[in-house]
Amino acid sequence: MNIWYEEQEHIFSLSNERISYIFSVEKDRYLSHRYFGRRLKRYGGSGRPYFFDRGFCANPLPEDRTFSLDTLPREYPDINQGDFRCPAYVIQTEDGRRVTRFGYKGYEILEGKPGLEGLPSVYVEDEGEAMTLRVTLEDEVIKVRLLLYYTVFQDYDAVCRHVEVVNGGDQEIYLERLMSMSMDLPGTDYDVVTLTGGHMDEKNINRRPLTSDSVVAESIRGSSSPQAAPCVVLMDREAGEHQGEVWGVNFIYSGDFQAAAQVSQYRTVRVQMGMNPLTFGWSLGAGERFTVPETVLVYSDQGLNGMSQTFHSLYQKRLCRGAHRDRVRPVLLNGWEAFTFDVDEEKCLSLAREAAKLGVELLVLDDGWFKNRKDDKRALGDWTEDERKFPGGIPRLAEAVRREGLEFGIWLEPEMVSPDSDLYRSHGDWVIRSPHYDPVLSRNQYVLDLSNPQVRDYVIRSVSDLLERADITYVKWDMNRHITDLGSFCLAEGRQRELSHRYMLGLYEILETLNSRFPHVLFESCSSGGGRYDGGMLYYMPQTWASDNTDGVCRLGIQYGTSLLFPPVTMGCHVSVSPNLQVGRSTSLAMRFAVAMSGNLGYEMDFRRLPEKEREEIRRQIAFYKELREVVHKGRFYRLANPREGNLAAWNFVSEDGERVIFCCYQILSDVVRASVLVKLRGLERDRVYRLRQDGSCYGGDELMYAGITARPAEEDFTGHIYVFDRVTEG
Ligand code: GLA
């Protein structure tokens, strides 16, 4: 890993053994992107811009009619100087103008990677793991500096970028648009991939050719959202799941964002990621500093799967934190789909007893446990237990569950308040709203104004109180609506545009405090399922409830799409009842398990009502999973067949040490002609032998990868099979 600056040509190059990121300083002022891709040992000037006198071009250097910013591949482009593509930043000065002139000032190379104050970010544990380049741009008139950070890692094929704005002048400036990164890639022969979806239909991989114009993925919902993920991927047209060049861009942020790929007239593509300018705005006073959240850029020459594996290992090892990061996660039972709001101590305890017998390790009490919460119309915000349902309180229940041999976890939705609650009755001005209109309800609730320090204190106090009183080792942290009525009683009139980002900063502060106060607690993030499944939340909560849709077939696509960015250990995946409560489909217990065991396994059903045969089957499933979960949680993940494109879903895991392989294969509908189903595995050692546990038969690694496995054609709809291979010791 290295960062160097070549003074003659003004070239910056960041590289490790596999990737290089190169840009230059043109005319002593302007940063110009040169290359991001496979590592170059020697760089002689590829990507150098050529200058001509072109029509409609503005010339910032009066003596040179050939030089125009519109034709330059750029790193962090501006507005109002002749680059008419999307600017990375727009800064308004006190006179209401948006004309600025930032130019290159200098650079520093730092060991390791600095943190981002108050924001989630990829981190290093040792300075030797990474190096960071900080480039300074300055506007000498208003005395404002932009600090561009680039980190390159020894072990990951990723570059992290973010920006800081330092107002060294004496006027207040207004930050109107401030992207986390911008990069101009050469040519336009790319496909663009985004992740789109909705509630219960998260993370559809959406690939199409980039032809002209712009592709924009964005959210103004107050969260990263199930509708669009903060991610944009460019792929070589020929690239696929396992081969070809791919550039992945993912924002480490949980609020409103905008991701774009914009084709220019000069056959280049500008890729950008940052906070959504529609809901962002920030007044920066003299002497103040502002940090833009971070973006991770991944390059892969091994197709989409290679990109995903880099995201997976980076996020698992250097974004997720805390005691649970390296631990296998407990198998849990959550009562939500079985009980909804109708919970009480006796139900929980009897469920815990049954769960313990089947091998479950953690019982989760979902919604409905707090005072007056008999449905979703009331009580959010009043986080004390309903004593009619829990006469001994949550502490007594937690203790009793623990005596049954299980850990105890609880559901909370701390960012919200119901109009029918003591909290709202006493603090009506704590919600996000405008003073002129009634706020809009969603799921009968309002959003608390986390930009208000008093609100943050309340949230921290009420959650801490519960976690201190009761022996709780897991929290499901929910967020079940999007934000409307952006207005705050606590922010000054001229600063209302800051609310979206201040909400996120407030949330991050709360989560940081709770993480450090309760390091033993495993937090699982949820937003009606995977509605806020992003890198920002993973920094505080190492797992996310992937979807409210627990149907085995739908889950195949959801989990497949989620794996584009996030490792299976971070995906909460539960086996629920059949027929499924969301789509009414009947599937076998075996199939539902085969899907849920490909992530972080849990169950969501009333174990007390199961026929003995199913209980026995679940006992076996859990035992099987416990033996293999190390591979699922820590191994490498290879996508093999996309269920949203055909009748088949398949993937395989390879353990960290290569000793074990789990191959999962699902056929959605059965096929009357019983055509053979052939799947080729990935990531094995060609010259080694693998024994299939189920029947002891042995296969060469080359055979499994090149000839593949012929799965038995399904004789019924919705089947899932798990094959476990052990690498045979030589000799
Ligand atoms: C959301 C979650 C569910 C459940 C309910 C409780 O919808 O995604 O899993 O916790 O809230 O109200």
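Predicted model: local features only at pLDDT ≥ 70, side-chain atom pairs only at ≥ 80, totals over all residues.
I started with where the ligand sits, and its space turned out to be the second largest pocket.

Entry 1: I looked up the volume of the second largest pocket, and it holds about 450 Å³ of space. Its lining has 27 residues, with His199, Arg443, Asn480, Ser528 and Asp548 closest to the centre. I sorted that lining by class and got eight nonpolar, ten polar and nine charged residues.

**Entry 2: the neighbours.** Which residues come nearest to the ligand? I found 13 residues around the ligand, and the nearest are Asp366, Asp367, Arg443, Lys476 and Asp548. The shell around the ligand splits into four nonpolar, three polar and six charged residues.

**Entry 3: polar atoms and the ligand.** Next I checked distances to the ligand's oxygen atoms. For Asp548, a polar side-chain atom is 2.5 Å from a ligand oxygen. Trp411 also has a polar side-chain atom by a ligand oxygen, at 3.1 Å. For Trp545, I noted 3.5 Å between an N or O atom of the side chain and an oxygen of the ligand. Then I asked how much of the ligand the protein covers. On its own the ligand has 310 Å² of accessible area, and the protein covers 96% of that.

**Entry 4: the largest pocket.** I moved on to the largest pocket, with a volume of about 910 Å³. I counted 36 lining residues there, and Gly306, Gln309, Thr310, Ser313 and Arg636 lie nearest the centre. Which element gives the largest share of this lining? It's α1, with eight residues. At least two residues each come from β19 (289–300), α1 (303–318), α11 (612–634) and β30 (636–641). By class, the lining of the largest pocket has nine nonpolar, 15 polar and twelve charged residues.

Entry 5: I found a cis peptide bond from Ser578 to Pro579, with omega near 0°. Where is Pro579? I traced Pro579 to the loop between β28 (571–576) and α10 (589–596).

Note on methods:
Residues numbered from 1 in each chain as written. Heavy atoms only, no water. Near = heavy atom within 4 Å. Polar contact = N/O pair within 3.5 Å; in protein donor to acceptor, adjacent residues only side chain to side chain. Areas by Shrake-Rupley, 256 points an atom, 1.4 Å probe, with all protein chains shown as cover. 1 Å grid on protein atoms, 1.4 Å probe; cavity = no way out; pocket = protein on both sides within 12 Å on 5 of 7 lines; lining within 4 Å. Sits in = over half its atoms within 2 Å of the grid points. Nonpolar A, V, L, I, M, F, W, Y, C, P; charged D, E, K, R; others polar. Points joined across faces, edges and corners; volume = space filled by probe spheres on them. Helix = DSSP H or I, 4+ residues; strand = E, 2+ residues; numbered from the N terminus.
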